Amino acid sequence: MIEKLKVIDCDIHNALRSPRDLLPYLEEPWKSRVARSGLGLMYSGYYSPVGVGRKDAVPPGGGMEGSDPAFAAKQLMDPYNVEYGILTSNLFSISVGHDPDYAAALASAYNDFMIEHWLSADSRFRGSLLVSFLDPLLAAKEIDRLGQHPGIVQVVMSSATRMPLGQRYYHPIYEAAARNGLPVAIHPGAEGAGQSNPPSAAGYPTWYLEWHTNLSQNFMAQLTSIVCEGVFEKFPSLEFVFIEGGVAWLPHLMWRLDKNYTALRAQVPWLKKMPSAYIREHCLFTTQPIEEPKNQNHLKAIFEMMDAEHVLMYSSDYPHWDFDAPDQILRWLTPEARERIFYSNAKRLYNL
């Protein structure tokens with residue numbers, strides 16, 4: 001157990017106890033729809049033989065893993081010296097449906113529920129403002145509605161899209177986030193579902209093993225789009241957080257992007273720096289699921305290539321099956337690097 005190092009966990013999946021939790025926060029016709037049929041969200045549909053949640057994370061009173069704030073605090077925050085935990089939801093599928101008004105209503109209802117039932121339950125929790133990008137103007141409206149709440153520290157949305165996230169269609173969301181001083185986080189979970197693109201560049205794989213491994217492909221494409229479309233030139237104060245998409249791919253992506261930019265920069269005249277400079281200045285990545293080669297020196301070399309001390313933040317992914325305890329991963333880091341990755345990078349980003 002970590003005795004002295006303080007921890008900020010950047011990915012805690014707080015779940016609803018039931019879809020009915022949202023009913024008090026919904027207006028008609030959405031309230032009756034959820035009461036009759038549940039949320040009706042679309043998921044990837046890939047079967048996991050180990051499930052999604054940790055079996056020991058089911059609250060004593062029953063319900064979904066991660067649906068009890070007090071139990072989550074007891075199981076995660078207390079034993080691991082977690083000073084702050086960033087709640088990231090598990091409703092990312094709202095953005096792969098077909099009804100933008102319903103998706104926006106669910107996002108608003110969830111945000112109100114999260115503030116009332118989670119942020120008020122423990123002062124260590126901080127919230128991510130969930131938005132759907134099916135209608136960027138409605139998403140921007142939601143960011144302006146709650147973006148100044150003291151417990152809200154970022155905007156979060158799905159990484160499963162129909163168009164890459166750098167394109168101008170999404171820019172009202174980024175403008176609102178920058179206006180409210182909030183970073184934007186993307187998180188997987190709905191790749192291949194609904195109207196999103198296939199979960200791999202080659203199409204639809206057969207197994208969850210493939211689906212889960214291929215998530216990094218999607219993150220590489222999204223990051224490339226965000227940089228090349230000039231998001232950080234247009235919104236110079238904006239920062240992005242890439243949650244649960246892996247990290248070992250980052251050096252080769254920066255190298256390849258910089259190399260291509262030197263010959264093809266005429267296509268993106270709005271960029272004033274090398275692409276890798278925008279990534280280092282505006283993007284952070286969470287540790288879980290950290291790649292774990294048998295030879296840890298290989299990962300050490302990749303960490304040096306990507307300047308991991310300044311671009312990584314610890315995440316546990318609680319209460320999911322591949323949870324990473326902070327006292328079990330990256331034990332080879334220097335004390336200074338460990339302090340930055342497990343604590344101070346997030347403290348700075350989220351102004352905690």
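**Helices and rings**

I started with α4 and α5, which are therefore roughly parallel to each other (an angle under 35 degrees counts as such). The model is predicted, so I note that local features need pLDDT of at least 70 and side-chain atom pairs pLDDT 80 or more, while totals for chains, interfaces and linings use all residues. Residues are numbered from 1 along each chain as its sequence is written, and side-chain values use heavy atoms, without hydrogens or water.

The axes of α4 (residues 136-146) and α5 (residues 171-179) cross at roughly 10° and come within 8 Å. For contact (heavy atoms within 4.5 Å), I found P136, L137, A139, A140, I143 and D144 of α4 meeting P172, I173, A176, A177 and R179 of α5.

Next I turned to aromatic pairs, where ring centres of Phe, Tyr and Trp (its six-membered ring) lie within 6.5 Å; planes under 30 degrees apart are stacked, over 60 edge-to-face, the rest tilted. My search of the whole structure gave 17 of them. Y169 and Y170 have ring centres 5.0 Å apart and planes at 85°, so this pair is edge-to-face. Y314 and F342 also have centres 5.0 Å apart, but their planes are at 15°, so they are stacked. Y314 is in the loop between β8 (312-313) and α12 (335-349) and F342 is in α12, so the pair ties together parts 28 residues apart in sequence.

Last, I checked charges: the charged end of R33 sits over the ring of Y102, 3.6 Å from its centre (the cut-offs are CZ of Arg or NZ of Lys within 6 Å of the centre and within 35 degrees of the ring normal).

Notes: Axes fitted to C-alpha atoms, helices over the stretch in contact; angles between N-to-C directions. Helix = DSSP H or I, 4+ residues; strand = E, 2+ residues; numbered from the N terminus. Parallel < 35°, antiparallel > 145°, perpendicular 65-115°, else oblique.
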